[in-house]
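Please read the following report with the sequence and the model side by side. It goes through a few regions in turn.

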Amino acid sequence: MTTVALKDVTKVFPDGTVAVDRVNLDVEDGEFLVLLGPSGCGKSTVLRMVAGLEDPSSGVVLLDGEVANEIPPRDRRIAMVFQDFALYPHMTVNENISFPLRLSGVEPAPRAERVADVAGALGIGELLGRRPGQLSGGQRQRVAMGRAIVRRPGLFLMDEPLSNLDSGLRAELRAEISGLVRELGVSCMYVTHDQAEALTMADRVAIMRKGVLQDVGTPTEVYGRPATLYVAAFLGSPRMNLIEASVYVHLDRYVALNLGEQALYLPWDDIRARVISHYHGERIVIGMRAEALTPVAPDAPGDVLQGRIRYLEHHGHESLAFVDVGATAVIVDELGAAAVEVEEEPVSPFQRLGQAVQRLTGRFGDR
Ligand code: ATP
């Protein structure tokens, strides 16, 4: 299947807008890559350059290792699916799906066979005689997928294909689409601003901000070890706690992280202590996921932070405690912990550094 490589790709529109700024990015054979970022960060422009609908201002797009800048869109073995589905309202489902085959001159008999195959795979075999106006949103989306698949492309480009659907259907279709794309083995670039979609569907996620690629990695990598402060603050709900600390190394014994009036101590045999020790004397930002922190009883031994629980938020499957640690507000997942209560006085301790401490690049104010 088609591989994609963007090398130093920049897109400046005639009005001077820098939509994409020196992006380097690969999509491997059969990979499902999700481009994630807020509205206007340049995701669609990247996709449109891969499709050949926009030319890069500088840099190159490679398809299967060949420079594609001069290859017209119709010769790229690419199928696009958009959020508005772009079905032809006057055609039946059958005609909509078979349309690309008709355009490329496939005979009626093999055409019908391929449409039946695709419709069967998508569970819309019963709907072939209907028109788009007689379908639900989810069914229309399946027809749009069918029309993309039927050409047997080497690469799918999908631009927010689920954003017009309600949340229940979105969750159902995201599993369906990623399953289907993987079954077909086709490479895929998928644009969304929905992080749940990105983290559940992607082999790798590429996170963009203001035209610049911030981080690329598996969902576990970008969630657990974000490359920049922006990604740390952007990914995850609740968002990652980011706390400023000064580093003091007490050689061969421990590293102290001073957070105002309190400190955390990492023993020297903890790998994180040795990583953080490079920043002796500096102020750094430590990132802690809520789920890496657990409330403990006031007299619990060990490395504990004291904080005042300001309020609790119950989400059904979890409860979050919002805790003031000195001047810093920290969110703690109290799942499975001893019951905690909102405190009037600063006595309620909570705990430990968990898995998430890391040195994040950038400055604290960068968010
Ligand atoms: P969304 O999620 O809202 O679709 P996006 O991340 O896909 O956003 P793009 O559509 O790629 O973002 O747009 C990136 C930037 O380029 C935006 O600032 C946008 O206003 C600008 N832009 C897009 N197309 C043009 C154009 N034809 N001329 C000028 N500026 C443009």
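## The shell around the ligand

The residues of the shell around the ligand comprise three nonpolar, eight polar and two charged ones. In this division Ala, Val, Leu, Ile, Met, Phe, Trp, Tyr, Cys and Pro count as nonpolar, Asp, Glu, Lys and Arg as charged, and the others, Gly among them, as polar. Of the 13 residues around the ligand, the nearest are Phe13, Ala19, Ser39, Ser44 and Thr45; a residue is near a molecule if its C-beta atom, placed from the backbone, lies within 6 Å of it. Helix α1 (residues 43-51) contributes the most to this shell, with three residues.

## Basis of the model and the chain as a whole

This is a predicted model, in which local features need pLDDT of at least 70 and side-chain atom pairs count only at pLDDT 80 or more, while totals for chains, interfaces and linings use all residues. Residues are numbered from 1 along each chain as its sequence is written.

The protein chain has nine helices and 19 strands. Helices (H or I, at least four residues) and strands (E, at least two) are DSSP runs, numbered from the N terminus. Of the 367 residues of the protein chain, 37% count as buried. A residue is buried if 20 or more other C-beta atoms lie within 10 Å of its own, exposed if 12 or fewer, and partly exposed in between, with C-beta atoms placed from the backbone. Among contacts in the protein chain with a separation of 6 or more, 66% are between residues 24 or more positions apart; two residues are in contact if their C-beta atoms, placed from the backbone, lie within 7 Å.

## Helix α4 and its cover

Helix α4 (residues 137-149) has 13 residues, which at 1.5 Å a residue should span 18 Å, and its end C-alpha atoms are 18 Å apart, in agreement. The expected span is 1.5 Å times one less than the number of residues in the helix. Ten of the 13 residues of α4 are buried, so the helix is largely enclosed by the rest of the structure. The buried residues of α4 include Arg140, Val143, Met145 and Ile149. Their cover includes β6 (78-82), α2 (93-103), α3 (108-122), β7 (155-159) and α5 (167-184).

Val81 lies in strand β6. Val81 is buried, with 22 other C-beta atoms within 10 Å. Leaving aside residues up to four places away in sequence, Val81 touches Ala144, Met145, Ala148, Phe156, Met158 and Pro161. The C-alpha atoms of Val81 and Gly146 are separated by 9.8 Å, although these residues are 65 residues apart along the chain.

In α2, the residues Val93, Asn96, Ile97, Ser98 and Leu101 are buried. The buried residues of α2 pack against α3 and α4. Just after α2, Gly105 has a positive phi of about 80°.

Leu135 is found in the loop between α3 and α4. Leu135 is partly exposed, with 18 other C-beta atoms within 10 Å. Not counting residues up to four places away in sequence, Leu135 touches Leu127, Arg130, Arg140 and Val143. Leu135 and Val93 are 42 residues apart along the chain, and their C-alpha atoms are separated by 9.4 Å.

## The four-stranded sheet

Four strands form an open sheet in the order β2-β1-β4-β5, with antiparallel pairing. Two strands pair if DSSP finds at least two bridges between them. The edge strands, β2 (18-27) and β5 (66-67), each pair on one side only.

Strand β1 (residues 4-12) and β4 pair in the antiparallel sense over five bridges, and Lys7 stands opposite Val60 in β4. Strand β4 (residues 58-63) is joined to β5 by two bridges, and the two run antiparallel. Leu62 stands opposite Val67 in β5, while the bridge partner of Leu63 in β5 is Glu66. The hairpin of β4 and β5 has two residues between the strands, and in this hairpin Asp64 takes a positive phi near 50°.

## The three-stranded sheet

Three strands form an open sheet in the order β16-β17-β18, and the pairing is antiparallel. β16 (308-314) and β18 (328-333) stand at the edges with a single partner strand each, so one side of each is left without a neighbour in the sheet.

β16 and strand β17 (residues 319-325) pair in the antiparallel sense over six bridges. Leu312 stands opposite Ala321 in β17.
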